[in-house]
Each structure stands twice: as structure tokens, then as C-alpha cells.
Amino acid sequence: MNRLPSASPRRTRRLTTLLALSCLSAATLAAPHKAKPATKPAAVISDDSPDVVIYGQREDVVQFGRALAATNQLDPDWVLSQLAQARFQPRVTQLVMPPPAGTPKNWAAYRARFVEPQRIGAGLRWWQDNAEALTRAEARYGVPPEIVTAIVGVETFYGRLTGSFKVIDALATLSFDFPSGRSDRSAFYRDELGAFLRWCAAEKRDPQSVLGSFAGAIGLPQFMPSSILKYAVDFDGDGRIDLNTHGDDVVGSVAHYLAEFGWQRGLVPTVAVTPPAEVREKALMLVNDITPSLSASQMREHGAILPADATDALGPLALVELQNGGEAPSYVAGTRNFYVITRYNWSAYYAMAVVDLARALRSGRTDSVAAPAVPAASAAP
């Protein structure tokens, strides 16, 4: 009988490996399969979500563009083409929201942002660079150089902070996708969007290249498009209104704006005041907020203390209260000119920052131009 040849060590190892693999495969087949992790379903986008890509495919935008073109004799294809390139900007909808409820106002902190050495120094240089235009503007419109210079300083730090948003994107976002959670101002922004396209067409500007604030304000004075159309002036006579690089046009436009809202030549914006000690009398004086409604005599009758030279010749006054967080409020008596400054930005804190920066600029000015000093806000006793 022939014997089978014995297996070599190498062959033995190979058979052992194959047997092990066979057993592993059988065990794997016999074991129950573990379920794979469930795939996360794709996010469902609401039909009401903003179109973040192409505004030009939305029927409401197309209707707006056609109506705008028809009303203003604009090329409808050009209008629709510009709107089609506009893009929704989520950041704009965040920035337009008011501060959280309960956020205390703090005039001292607000003032410190604007009346500080760097801004004062930049303002004095800007005043020097535009002295001739500022003098002409005062002669024509009655607005002192320090007030114009202070507004440009508060608005954009003399051109350092003019905004980096495409204006057409910002205005389209606020026109067609205004965020919920605050009073709806979409109609206002649609008017501004229309004014912006009209301005661009009239001056042959590319709407896609104009930059500004998240709210659509443009240039050193931060004019909204409708204000450019109504109040901006070609103050250097070159046939073009440039609010970004031409200081003359910036100066003339700001002064013209204030004059159109009723600026009174030679009238100081504020007068120092100590409010009535009696709570009821002070409350009565604050009812009309920043709207001037009381003569100097009437304020005194309510118990307010004014300087001896504050007479009824100042015209109507308003008791303006500026909160200081947890500290005592500050008060000033605002004249008609203080109220005019609030037409630029509807805030007593803004207007007071302009007034105090103007006062600091006038104090720092060393040329021979004479102008009345602007009183600072007085703190409550």
C-alpha cells in the first residue's frame, strides 16, 4: 500500500489559514446584521425662506422692477438685470434688528465713542483740508463749520467707516426679506431701492459697485439714496456729485440737508439746564420728548433753572433727558437746531454727540474763524 505523502509545514499553515477564514465567514453569515446608523435627512427649506441666490426670479421683485421702470422712465431690462444680480444678505437682517429689550441707554458710554482724541484730531485735519468749502457753506446755508465737520466725524470717522456692503444687496434684502421681530419697514426700503436705481441711472453709475452701510447709506455723510436725490449738491461745480472723495460735495450736501430741515443761522443747539426738582413738573416737561415746545420763561415756570442769558429769543426749547445707565441722567435744553440735527438721525444721543464733538472741534481750532461755542450737556445734580 502506498502511503500519502506527509504535508509540508508551509502547506499546513495555508490549510490552517483557509480553515480559519471559512469558520469566520460562517460565523459572520450566522450572526445578525447590525443596523447602519440612520442617515440624517436633508434639511427641509420652507417655501417662505428668502431666495438667497436670484432675486430676479421672484415675482414680487419682477413686479417691483417693472413698476419702478414705468414710473421713472427707466429701461426695464436694465432695472430687472440689476435686481437679478442682487443677493440676500443674512448679516443685514441681523444688524437691522434693535438691541435686546431691557438694554439700558448710557449717554456717557455713547459719548466716549465719538468725543475722543483720535476723532477730534482727524476732525481738525478734515476741517483744515476743507476750510474753504466749510466757509462757503456757512455763508450760503448758515450752518457752522464745526457742526458739518462733527456730523461727518460721527457718521464715518471722516471716511474710515463708510460701509462694505453692496448697497443694492442691502436694500434688496430689506425691501423683500425684512426680518420679523420688529416694525416692518420694507416699504421704506423699497422706496430707497427705487431711489438708488434712479440715482445710478442718472449718474451712469454701476449699481453693483456702490458700497455703503448695512442699511444702504452712502459716502462720508451716509446719505440714504432718497437724501442724495433731494439734498446732495454739486458744491465744487464739476458736474458730478461725489460723496466719497470730494470734500466740497460732502460739505455742501450736509449743510444743505440741515438748512432744508430748518437750521437757524446763529442759534446754539443746546442750553445748559437743571431740571425741576419736582417729579411731576419734570415729567410734564418731558412729555414732548425732543420736540421744542416751551419758551425759556415757561421752562422756568415749571421749575427748571436756565442761565441768565437764556431768553425767549432762543425760541421754543425741549428738556432733553439722556440716560446714563445706573447713574443720574444728563439734561440739556434743546433748541430748534438741536431738533434739526435729530432729523439727520432720529436720536437725542446722536444729536448730543454731534453737539459735543462740534464743541471740542471748535475749541481745538486755532484759526481766526469766530463761532459761538456749543455748550456741553449738564449732569443732573
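Colleague: Where is Asp 289 found?
Modeller: In the loop between α13 (279-286) and α14 (296-301). Helices are DSSP runs of H or I with at least four residues, strands are runs of E with at least two, and both are numbered from the N terminus. This is a predicted model, where local features need pLDDT of at least 70, side-chain atom pairs count only at pLDDT 80 or more, and totals for chains, interfaces and linings use all residues. Residues are numbered from 1 along each chain as its sequence is written, and side-chain values use heavy atoms, with hydrogens and water left out.

Colleague: What is the phi of Asp 289?
Modeller: Near 55°. That is a positive value in a residue other than glycine.

Colleague: Switching to helices. Which residues of α7 are buried?
Modeller: Ala 133, Leu 134, Ala 137 and Tyr 141, in a helix that covers residues 131-141. Seen down the axis of α7, the buried residues fall within an arc of 100°, so they line one face. The arc is taken from the directions from the helix axis to the C-beta atoms.

Colleague: What do the buried residues of α7 pack against?
Modeller: Against α6 (117-129), α8 and α12 (247-260). Just after α7 comes Gly 142, with a positive phi of about 85°.

Colleague: Take Ile 151 in α8. What is it in contact with?
Modeller: Beyond its neighbours within four places in sequence, Ile 151 is in contact with Val 254, Leu 258, Tyr 344, Tyr 350 and Val 354. Contact means heavy atoms within 4.5 Å. Ile 151 is buried, at a relative accessible area of 0%.

Colleague: How many Å is Ile 151 from Gly 123?
Modeller: C-alpha to C-alpha, 9.9 Å. In sequence, the two are 28 residues apart.

Colleague: Now strands. In which sense do β4 and β5 pair?
Modeller: Antiparallel, over six bridges. Two strands pair if DSSP finds at least two bridges between them. Leu 322 stands opposite Ser 330 in β5. Two residues lie between the strands of this hairpin, where Gly 325 takes a positive phi near 65°.

Colleague: How many residues of β4 are buried?
Modeller: Five of the seven in 318-324.

Colleague: How many helices and strands are there in the protein?
Modeller: There are 16 helices and six strands. Of the 381 residues, 46% are buried. Among contacts between residues at least 6 apart in sequence, 70% join residues at least 24 apart.

Colleague: What pLDDT does the protein average?
Modeller: It averages 86, and 82% of the residues score at least 70. Over residues 1-48 pLDDT is below 50, and beyond near neighbours in sequence that stretch has one contact in the model. pLDDT is the predictor's confidence in each residue, from 0 to 100. Residues 367-371 also stay under 50, with four contacts beyond four places in sequence. Where pLDDT is low, the predicted coordinates should not be read in detail.

Key
Buried < 20%, exposed > 50% of the residue type's maximum accessible area, 1.4 Å probe, protein only.
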